[in-house]
Amino acid sequence: MRFAVLGAGSWGTALAMQMARNGDTLLWGRDADAIQAMHASRTNERYLPGVAFPDQLTPTHDLAQAITDADAVLVVCPSHAFHDILLQVKPLLNNKPLAWASKGFEPGTGRFLHQVAEDVLGQDYPMALVTGPSFAKDVAAGKPTLVAVASRHKAFAKKVSNALLNENFRTYLSDDLIGDELGGAVKNVLALATGIADGMQLGDNSRAALITRGMAEMMRLGQALGCQPETLMGLAGLGDLVLTSTGDLSRNRRMGLALGRGQSINQAKSEIGQVVEGIGTTDEVMRLAKKHQIDMPITEHVWKVVHDEMTTTEALSSLMGRKLTSEF
């Protein structure tokens, strides 16, 4: 199955490269000059410098032609742009199945991305999610990676998996879209927390505690939403949480490190130079927590730091001073 990958940032480019190792793949980007540069250099020098494209990868600026020439579409964009991209491609799809590798919620509504897709394309439309612990740089370099492909359309999930599978890339199938999406979103907020702790030089004990207690928050929210607990203990939950909280390629962790060292959000954003999903995701996770009356103290304190309602030192003091309670 030939895919058109929509989104030529680091993650979109890396996934397109992975698919192109198995067969013809199209990579669409909205920046015509950037696409022209990719044709000339056979690399994406802005996001993945020095990593050569496979021969079967074709960059293009023509969205309509990319979708026409493909059998299926993989959307890779920030969560805040997901709805607009779907509206843009809907008239072009001609019933071709759609997958995405975006993580987060629709800003302002807290809707999961599969709910956005169902609203735009219909509840029975073949769709799938690619998620899990996967840095773009490592995927582009062909380093061993494992992800989950979540879908209620098993036949399409297998086709997405087959487009990605090779000796260095393994996929696992899932039918728990909410669980896989929740894990991929909440972990960004928790990575901000661990980054803040490391930026404050609080030590390895603090990082381990934040990951563990953050996982407990994710599980509580997942239970309220009807997720399968195994999903959150799997690649899209625990796996992605560990990677994003400890790996310095993580934009969310790097944002946390900057905040912990006393930098402002705007200073850190300028240095990172890419979208940091966890900043906006804090709002939507807190929206869900309040709606379902779930206690998520780490998430709440990250939200307060992000919104300048607490300093990082005040947040630490508040978390450590909470009243005695049982672990489970």
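Q: Which backbone oxygen does the side chain of serine 245 reach?
A: The model is predicted, so local features need pLDDT of at least 70 and side-chain atom pairs count only at pLDDT 80 or more, while totals for chains, interfaces and linings use all residues. Residues are numbered from 1 along each chain as its sequence is written, and side-chain values use heavy atoms, with hydrogens and water left out. Serine 245 is placed in helix H11 (residues 235-246). At 2.8 Å, its side chain reaches the backbone oxygen of leucine 241.

Q: Is serine 245 buried or exposed?
A: Buried means under 20% relative accessible area, and exposed means over 50%. The relative accessibility of serine 245 is 0%, so this residue counts as buried.

Q: How are the rings of phenylalanine 3 and phenylalanine 156 classed as a pair?
A: Rings of Phe, Tyr and Trp (its six-membered ring) pair if their centres lie within 6.5 Å; planes under 30 degrees apart count as stacked, over 60 as edge-to-face and the rest as tilted. By this rule there are three aromatic pairs. In the pair of phenylalanine 3 and phenylalanine 156, the centres are 6.5 Å apart and the planes stand at 25°, so the pair is stacked.

Q: How many residues apart are phenylalanine 3 and phenylalanine 156?
A: Phenylalanine 3 is buried at 1% relative accessible area, and phenylalanine 156 is buried at 6%. Phenylalanine 3 belongs to strand E1 (residues 3-6) and phenylalanine 156 to helix H7 (residues 154-164); helices (H or I, at least four residues) and strands (E, at least two) are DSSP runs, numbered from the N terminus. The pair links distant parts of the chain, and the separation is 153 residues.

Conventions. Buried < 20%, exposed > 50% of the residue type's maximum accessible area, 1.4 Å probe, protein only. Polar contact = N/O pair within 3.5 Å; in protein donor to acceptor, adjacent residues only side chain to side chain.
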